[in-house]
Amino acid sequence: MKIAMIGTGYVGLVSGVCFSDFGHEVVCVDKDPRKVAMLTGGEVPIYEPGLDVLMARNVAAGRLSFTGDLTSAVDGAEAVFIAVGTPTRRGDGHADLTYVMAAAEEIGRALTGYAVVVTKSTVPVGTNAAVRAAIEKAAPDAKFDVASNPEFLREGAAIDDFMRPDRVVVGVTSERAQKVMGEIYRPLFLRDFPILYTDLETAEMIKYAANAFLATKITFINEIARLCEKVGADVKQVSRGMGLDNRIGNKFLHAGPGYGGSCFPKDTSALARIGQEHAAPIQIVETVIKVNEEVKRRMVEKVTDLCGGSVNGKTVAVLGVTFKPNTDDMRDAPSLTIVPALVGGGARVRVVDPQGRREGEKLLPGVTWVDDAYTAADGADIVVILTEWNEFRALDLTRLARSMAQARMADLRNIYSPKDAEAAGFLAYSGVGR
């Protein structure tokens with residue numbers, strides 16, 4: 001099948017590359033000439049493990065190409081995916097649909113025959129109906145159907161998630177559209193991965209409900225972690241005890257500095273706003289948003305307390321600033337709250353992150369970037385572990401402690417145990433919920 005993918009951000013690029021690996025002919029479209037030039041030259045503008053190899057393979061096979069010309073990409077396409085950004089709108093917390101609606105209008109004018117226009121971007125309930133209206137207004141004679149196909153990709157594991165999904169959700173309004181979508185996902189159907197067909201509104205809601213629930217699990221365990229610190233319990237053992245219950249499961253029960261990234265903050269905010277607009281407030285989600293911000297601020301207090309009540313004049317080594325490992329994504333990362341607070345408190349902050357520097361240099365002014373954890377810790381007063389990159393999981397703690405002016409650690413991902421830190425020579429250690 002011929003597929004046009006409008007937008008080469010994280011979702012669009014990963015989806016386009018993976019669809020081409022299914023055997024489809026995929027043309028990825030982007031308005032940014034520099035990004036198109038990078039992609040055409042074989043350079044991947046985001047960090048996602050394995051994406052560069054998969055992209056190169058399908059370009060070489062002639063199934064994948066990149067262009068800035070939407071009209072030529074849509075010409076003859078049997079499916080056109082909208083995978084543009086839906087950032088949080090300033091002022092009201094709702095998803096900004098400017099790019100989605102602009103893409104819909106341009107697609108309408110470019111259609112040359114029947115196609116399914118598929119919304120891949122995360123959008124509020126009712127958006128697909130608005131997409132249909134926008135296309136009909138732009139091209140009253142166009143023959144098309146609209147489908148909703150939300151993504152469930154974890155950054156750092158996106159290719160595996162696409163190729164081996166827990167489920168594929170497809171919202172459709174006609175048998176013809178369902179048949180087209182079925183052909184697109186046929187390689188997954190043949191391997192018995194679940195494909196759930198629903199109406200448009202249900203598909204839209206599944207995406208928001210799933211992300212809000214996962215954000216709630218993270219926030220719940222962070223609340224429990226706070227209580228554990230007060231009563232002397234260990235949140236890691238609490239999480240294990242909870243997770244062994246099959247009704248709960250162990251995923252997303254890891255205490256830390258709060259959730260971030262491109263999905264959870266944006267989607268919880270949008271879902272809360274949708275509930276308010278329909279006079280059905282999602283009070284749990286509203287509280288999750290509030291508590292998550294409080295968790296980030298508590299991490300600043302934890303670091304400050306370890307430094308005797310003030311970080312002024314202290315040298316702080318921060319290990320990891322991306323919102324999670326195996327990505328270069330800094331969007332709404334806890335570091336964007338914690339690091340500026342430390343800098344504002346008078347600390348000299350050194351930062352090391354395997355992939356975060358490119359974005360981090362713009363987002364975290366006033367810090368010094370170094371190449372490895374040992375350089376960051378040399379002469380430092382405290383080490384703060386913010387992102388659990390693998391290279392931070394097996395540090396020589398004795399070497400680290402000996403190189404520091406004051407051997408103190410704020411382990412905000414609970415990578416190490418208090419006993420191991422003490423045995424290595426750390427004078428003070430503080431995890432989360434322990």
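Residues are numbered from 1 along each chain as its sequence is written, and side-chain values use heavy atoms, with hydrogens and water left out. Because the model is predicted, local features need pLDDT of at least 70 and side-chain atom pairs count only at pLDDT 80 or more, whereas totals for chains, interfaces and linings use all residues.

Let me begin with the helices, which are DSSP runs of H or I with at least four residues, numbered from the N terminus. Helix α10, residues 200-231, packs on helix α12, residues 264-277, at an angle of about 115 degrees and with the axes 9 Å apart; axes here are lines fitted to C-alpha atoms over the stretch in contact, and angles run from 0 to 180 degrees between N-to-C directions. That makes α10 roughly perpendicular to α12, a label that covers 65 to 115 degrees, while under 35 counts as roughly parallel, over 145 as roughly antiparallel and the rest as oblique. The contact, meaning heavy atoms within 4.5 Å, includes Y208 and L214 of α10 and F264 and L271 of α12. By class this contact has 10 nonpolar, two polar and two charged residues, where Ala, Val, Leu, Ile, Met, Phe, Trp, Tyr, Cys and Pro count as nonpolar, Asp, Glu, Lys and Arg as charged, and the others, Gly among them, as polar.

The second pair is α13, residues 283-306, and α14, residues 335-344, which pack at about 40 degrees with their axes 9 Å apart, and α13 and α14 are therefore oblique to each other. K296, M299, V300 and V303 of α13 meet T337, I338, A341 and L342 of α14, giving six nonpolar, one polar and one charged residues.

On a 1 Å grid over the protein atoms alone, a pocket is an open set of points with protein on both sides within 12 Å along at least five of seven lines, a cavity is a set where a 1.4 Å probe fits but cannot get out, and lining residues have an atom within 4 Å of a point.

The second largest pocket has a volume of about 1500 Å³, and of its 48 lining residues the closest to its centre are G9, Y10, K35, G85 and R331. Helix α5 gives the most to this lining, with five residues, and the lining as a whole divides into 18 nonpolar, 13 polar and 17 charged.

Finally, what lines the largest cavity? The residues are P257, G320, V321, T322, P334, S335, L386, T387 and R413.

Note on methods:
Helices (H or I, at least four residues) and strands (E, at least two) are DSSP runs, numbered from the N terminus. Grid points are joined across faces, edges and corners, and a volume is the space filled by probe spheres set on the points.
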